[in-house]
Amino acid sequence: MSLRPFITCPGVRAHTDALDKYSFPSGHTLHAVSFAVVISYHYPIAALIVGPFALIVAISRMVLGLHYPTDVAMGAVLGTATASLVLAVN
């Protein structure tokens, strides 16, 4: 596990409190993407709202100094995989 950017990079400041000191993967991104995929599957028009929402969540994690881009990317991959598995089982 990697430490959060605000811990390891001197120029990065956390703009909110972190729950712990590890950053990999981004759980917020994972949940936002999995939610967006499942909702979009059932209600395709909702993708116009939940897609940008998931993107904003992902970007916010980096802007807040809590995650590296790789943390966010892996959160999105895991979120997509989780949602796909749930939809496949259904």
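Q: Which residues does lysine 21 touch, not counting residues up to four places away in sequence?
A: This is a predicted model. Lysine 21 lies in the loop between H1 and H2. Beyond four places in sequence, the residues that lysine 21 touches are Ser2, Leu3, Arg4 and Ile7.

Q: Does lysine 21 count as buried, partly exposed or exposed, and at what relative accessibility?
A: Buried needs a value under 20%, and exposed one over 50%. Lysine 21 falls between these limits, so its class is partly exposed, at a relative accessibility of 46%.

Q: How far apart in space are lysine 21 and methionine 62, C-alpha to C-alpha?
A: In sequence, 41 residues separate lysine 21 from methionine 62. In space, their C-alpha to C-alpha distance is 15 Å.

Q: What is the mean pLDDT of the protein chain?
A: In this chain, 98% of the residues reach 70 or more. The chain's mean pLDDT is 88.

Q: Where in the protein chain is confidence highest?
A: Confidence is lowest in helix H1, residues 5-8, with a mean of 74. At the other end of the scale, a mean of 96 marks the highest confidence, in H2.

Q: What pattern does the protein chain follow, read along the sequence?
A: The secondary structure comprises four helices and zero strands. Along the sequence, the pattern is α-α-α-α.

Q: How are H2 and H3 oriented to each other?
A: Helix H2 spans residues 27-42 and helix H3 residues 47-63. Their axes come within 9 Å and cross at roughly 170°. Angles over 145 degrees count as roughly antiparallel. H2 and H3 are therefore roughly antiparallel.

Q: Which residues make up the largest nonpolar core?
A: This core has six residues in all. The members are Ala32, Val33, Ala36, Val50, Ala54 and Val57.

Q: Leaving aside neighbours within four places in sequence, which residues is valine 57 in contact with?
A: Valine 57 belongs to the largest nonpolar core. Leaving aside those sequence neighbours, its contacts are His28, Thr29 and Ala32.

Q: Is arginine 61 buried or exposed?
A: Arginine 61 has its place in helix H3. Leaving aside neighbours within four places, arginine 61 is in contact with Ser26, His28, Thr29, Leu66, His67 and Val72. Its relative accessibility is 10%, so arginine 61 counts as buried.

Q: What is the relative accessible area of histidine 67?
A: Histidine 67 is found in the loop between H3 and helix H4. Residues up to four places away aside, histidine 67 touches Arg4, Pro5, Ser23, Pro25, Ser26, Arg61, Met62 and Val72. Histidine 67 is buried, with a relative accessible area of 5%.

Q: What share of the protein chain's residues count as buried?
A: The chain has 90 residues. Their C-alpha atoms fill a box of roughly 45 × 25 × 20 Å along the principal axes. The buried share is 28%.

Definitions and conventions. Residues are numbered from 1 along each chain as its sequence is written. This is a predicted model: local features need pLDDT of at least 70, side-chain atom pairs count only at pLDDT 80 or more; totals for chains, interfaces and linings use all residues. Side-chain values use heavy atoms; hydrogens and water are left out. Axes are lines fitted to C-alpha atoms, for helices over the stretch in contact, and angles run from 0 to 180 degrees between N-to-C directions. Helices (H or I, at least four residues) and strands (E, at least two) are DSSP runs, numbered from the N terminus. Angles under 35 degrees count as roughly parallel, over 145 as roughly antiparallel, 65 to 115 as roughly perpendicular and the rest as oblique. Buried means under 20% relative accessible area, exposed over 50%, partly exposed in between (1.4 Å probe, protein chains only). Contact means heavy atoms within 4.5 Å. pLDDT is the predictor's confidence in each residue, from 0 to 100. A nonpolar core is a set of buried Ala, Val, Leu, Ile, Met, Phe, Trp, Tyr and Cys residues joined through side-chain atoms within 4.5 Å.
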